[in-house]
Protein chains: 2
Amino acid sequence: MRPAKATDQQIFARLSDVFRRKGYEGASYAELMAATGLVKASLYHRFPGGKEEMVDAILSQVDRTFSDYVLRPAWEEGPPRERARQMALRLGEFYGSGTRWCLLDTLTLSSTPRTMKHARRSMMFWIKSFERIGRDAGLPPTSARRRAEDAVSAIEGGLIVSRVLKDRRPFKRALASLPIRLTAAAGTQRTPPPD
Amino acid sequence: MRPAKATDQQIFARLSDVFRRKGYEGASYAELMAATGLVKASLYHRFPGGKEEMVDAILSQVDRTFSDYVLRPAWEEGPPRERARQMALRLGEFYGSGTRWCLLDTLTLSSTPRTMKHARRSMMFWIKSFERIGRDAGLPPTSARRRAEDAVSAIEGGLIVSRVLKDRRPFKRALASLPIRLTAAAGTQRTPPPD
DNA sequence: GTCTATAGCTTGATAGAC
DNA sequence: GTCTATCAAGCTATAGAC
């Protein structure tokens, strides 16, 4: 049993980097090998199920980071708007201020049904977390839910526009508007912030 | 010279359908052949440059549909909010009410620099059209521009959330909010519509 | 303008030595 | 746990007949 060349953490990070940039089909073993420094057979040793298993492991690991760190403030105590601000900050870190794409976007093109289901579960928890902020702010459940979905839309869309235009500002604005977007009562919400 | 099996229009529509669903790398000749009913050599006859030329032609054709039909109301006369409503309607048709993904999203993963540039030009014209509505509604230029970018973000994000959740409503809400989003003066905008 | 046929390369995947 | 070596299948691309 030879020594591991890299920890699971490192492997995960480098693999997800490729899948994030290239998508499922675009991520070839040639690139996965170059990114990890492992040859194909070694990757198959760690992930006998091939790319599908890799993606599954990556999504699980990202789920953990997302729920344990990024979305954590949603499930803690404190003023809803302040917690939303905290999440916006962490989302900015997570997406490299708009320079790293979202796996829920890039992996849901021509992927297996299994991966698709996993992605759906992940996004639903994301929405549920946002929804929690709205409820804590006193919004009716259906309203909080809708706000949550629209906030996730704004972030995902901001990432795409930022990617295509090569300009981080659309993504950054999506984050800046998050606290108000999740908590403001109907009829009092003002977006975008005063010009 | 044998008879053409299909018009360019039909070919374009079927090819773009594949690229839309699968992305650039995911769109293999096997699928492109199945979708068009043409064998590989015939596709190379029409597009000597291969997939890259196909994508370029598709983007050009979509640009035309977008500027001549979908975004046309932006450059006509009339009440800005009414024109925005008209565009929202056509965007709904164009994206199959949220069931067809956007080429600007799916083609900008691991595509060539040429394709990337083309996509950027397309999105910029889209934004410029939205911006025009805001200006006509009396918004300051920088404000109108920002609204336009955020509106495109909302639509792109709505498509992603709708795709992952398999629920068209997030996309449909992005369209429903378009008129107000593009035209409402700062401090008076109220989104989402009253609960 | 479409077809059949073929070429060469890259892909995903496995076997077996150390 | 990593490696070399190998495989069949799929891929992009081209030549040439009709």
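Biologist: Through which surface do the copies meet?
Modeller: In this predicted model, 100% of the interface residues of chain A are also interface residues in chain B, so the copies meet through the same surface. Local features need pLDDT of at least 70 and side-chain atom pairs count only at pLDDT 80 or more, while totals for chains, interfaces and linings use all residues. Residues are numbered from 1 along each chain as its sequence is written, and chains are lettered from A, with ligands numbered from 1, in the order in which they are written.

Biologist: How many residues of chain A are in contact with chain B?
Modeller: There are 41 from chain A, in contact with 41 of chain B, where contact means that the C-beta atoms, placed from the backbone, lie within 7 Å.

Biologist: And which element gives the most to that side of chain A?
Modeller: That is α8(A), with 16 residues; helices here are DSSP runs (H or I, at least four residues), numbered from the N terminus.

Biologist: What rotation superposes chain A on chain B?
Modeller: A rotation of 180° with 0.0 Å of shift along its axis does so, with an RMSD of 0.1 Å, fitted by least squares on C-alpha atoms of residues with pLDDT of at least 70 in both copies. That is the relation of a two-fold axis.

Technical notes
Two residues are in contact if their C-beta atoms, placed from the backbone, lie within 7 Å. Helices (H or I, at least four residues) and strands (E, at least two) are DSSP runs, numbered from the N terminus.
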